[in-house]
Amino acid sequence: MANQTLTMVQSINLALRREMRSDPSVIVYGQDVGVEGGVFRVTEGIQKEFGEQRCFDAPLAEAGIVGTAIGMAINGMKPVVEIQFSGFFFEAFSQMLCHAARMRNRSRGRFTVPMVVRMPYGGGIKALEHHSESMEAIMAHTPGLKVVIPSTPFDAKGLLIAAIRDPDPVIFMEPKRLYRAIKQEVPEEDYFIPIGKAAVVQEGKDITLIAYGSMIRECWQASQEAKKNGISCEILDLRTISPLDHESILTTVKKTGRAIVVHEAPRSFGAGAEVSALIHENLFHTLKSPVLRVTGFDTIMPLPRTENYYNPNAFRVLKAIELVMK
Amino acid sequence: MKIKKYEFILICILWHKYIKFTIVAKCSEILYSLNMFINKFDPLKKQMVQILDADGNHKEDLVPAELTPEVVKKLYEQMFFYRMVDARMLKMQRSGRMGTFASIEGQEAAQIGSEFAIQKTDWIVPAFREIAAMCAHGYPLDKYILYWRGNEIGSTPPKDVNVLPVSVPVGSQMLHAVGISWASKMRAEKTIALSYFGDGATSEGDFHEAMNFAGVYKTPTVFICQNNQYAISTPRSKQTASDTLAQKALAYGFPGVLVDGNDLFAMYAVTKEAAERARNGEGPTLIEAQTYRLADHTTSDDATKYREQEEVDEWRKKDPFIRLQKYLYKKGIWNKKYQAKLEEDLTVRVDEVMTAVESTPDQTPDDIFDYHYAEITQSLKEQKAYLKYILKQQK
């Protein structure tokens, strides 16, 4: 089968269609996902292909969407629901934390919740208040959930297929600034990228840049600059925030002896702190320099005119590289 | 006899014009007669379905045919069993052999009556006071009690039992019942879901969302609100300015019915009707069961702080057992000797269950970690090994 050059929006759409074709229990719903195809058009054309029974608009209620999806998942369906923006997910967070994440444990495996909650996250598109947050750490802090964040169209398709086939609830966060920013060859056929496995997306020997989602691109740009000064950067794309791929993190840092963790989310108690702690606990004596973090601030996401003050970028990553290499 | 062509046409016309309509009319009459309560008792006028009143008088024409005296006797015995279990659990809790738990006392008819109206393949989505409904539907009683004793081994519903685990966050579980029954509807199955919750739960946003989704997508869900008049200490009057909780259904576009929750007959009859409506694709129903929590909220509560003894005494007179005893007495079944023998027999059963409960070992470190994901994660594996190592060191 031929490869297509797709944006992330298109590759996610393709993944949904593939799974819906092969598994009749997969259904898609959320606010405006049916007729309109979602505000970002991720589900465009799906209702047309699969009918209103399998792709439909939900009332404007996040807890209702997620809560009913939990029930459906318990009773044999595989709902893939969309939360329009991650900033509104918290209406549904109680359902995820109190029920989706715990149902397997609360019934010792009798009831399971194989569902996916998709949501665009992060800044960079000059959106309104509440539309640009990166709150993945809160999700990752919840026992029983899996949190997946793709950084490319290719990964988005493979990871979403894996998420839909996963027997447990998966939160699938889509970096909305990358929705249409990059195009990539995406195979038409079936493939999946395992959840819980990070990937070395660029090999290097001096320092490892550990990131995910929208920050991979910033890391790559910074590494190009660093190269000019003779610094060779390895880039590790976590792809899954929870469960974290300890092995891949430790392997790359063992090799380079230096690491910087980069994320858009607020600094304190974030994924960066977790990764840094993991490295220090395990590789303290092999580290050539302390692990640094390049992150968003512990502030509320600013309104669009100054969101660039908040967002970590290639320049900040480069500055951190220079500091670590000093 | 040979039918001529024009006669045949005439018969066809007659069939079409008259007989067919007669059959249709007859069918709708039957349907009409099946529908005796829902949409007939107006919650806005506070009309409450009651078949057996507090004094034991019953409305013969409303007694469902299935509820023969023998069946009622069985249900009575079932109800009484759970009251005895409840009393024993309280006794054990007071002597440190049971954890904090929520008593069912007073709500036995609401639960047994409604559970008896559904089929084994239907789903029960409980809150945390539904010992009778859950166990009558197949959740093993010893497991239920183990849960409240704090033992994870209790969280094991058997494979063929469609009862969700106890749900502690108030009002959060009705959405699951909507989703479960919606999934059944999508697959054109005839199973329905019945969800229990209390008066306090109707103040939660998730209650609104569950009712709203059920209404919009006409899911086969039966919502049973056991209005036991209190959410811990907060009275029903502080939960909503609505006259009844049942009337809230009207705003969501489906019927609500106010029922005497201490009346086994009424609870059975209305739930049966709601269940059949759901099964026939007519959508959800909200049942408000007017009942009373005779005990404290949980064993950690002291209800004397917020309600008067006179009020409790008044409700004691409406206890579901008193009226059932009077009814069964009239039917020649109940007398003091029968009651004494029943209590003697049930005590043996309670003893057996509690022996099973108390001889069940606690969960192991593995039990704490092993059920979070289909496949245990690396960090959980490490944390489990660490706990085992530490426990060994501590010994």
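How many bridges join β1(B) to strand β7 of chain B, and in which direction do the two run? I began my notes there.

**Ground rules.** I am working with a predicted model, where local features need pLDDT of at least 70, side-chain atom pairs count only at pLDDT 80 or more, and totals for chains, interfaces and linings use all residues. Residues are numbered from 1 along each chain as its sequence is written, while chains are lettered from A and ligands numbered from 1 in the order in which they are written.

**The sheet in chain B.** I found two bridges between β1(B) and β7(B) (residues 256-260), and these strands run parallel. I took helices (H or I, at least four residues) and strands (E, at least two) as DSSP runs numbered from the N terminus. B:V49 has B:V259 as its bridge partner in β7(B). Next I traced the open sheet: six strands, ordered β1-β7-β8-β4-β3-β2 in chain B, with parallel pairing. Strands pair here if DSSP finds at least two bridges between them. β1 (48-49) and β2 of chain B are the edges, each with a single partner strand, so one side of each has no neighbour in the sheet. I also saw helix α9 of chain B (residues 264-279) packing on the sheet, where α9 touches β1, β4, β7 and β8 (285-290) of chain B. The direction of α9 makes about 170° with that of β8(B); axes are lines fitted to C-alpha atoms, for helices over the stretch in contact, and angles run from 0 to 180 degrees between N-to-C directions.

**Helix α6(B).** I then looked up α6 of chain B, residues 174-186. Is α6(B) mostly covered or mostly open? It is mostly covered, with 12 of its 13 residues buried (20 or more other C-beta atoms within 10 Å of a residue's own, C-beta atoms being placed from the backbone). Among the buried ones I noted B:W182 and B:K185. They pack against α3 and α4 of chain A as well as β2 (123-125), β3 (193-198), α7 (205-216) and β4 (221-227) of chain B. After α6(B) comes B:A188, with a positive phi near 55°.

**Between the chains.** I read that 34 residues of chain A are in contact with 32 residues of chain B, contact being C-beta atoms, placed from the backbone, within 7 Å. On the side of chain A that touches chain B, α3 (62-74), α4 (90-100) and α5 (103-106) each supply at least two residues. α3(A) gives the most to that side, with nine residues.

Definitions and conventions:
Two residues are in contact if their C-beta atoms, placed from the backbone, lie within 7 Å.
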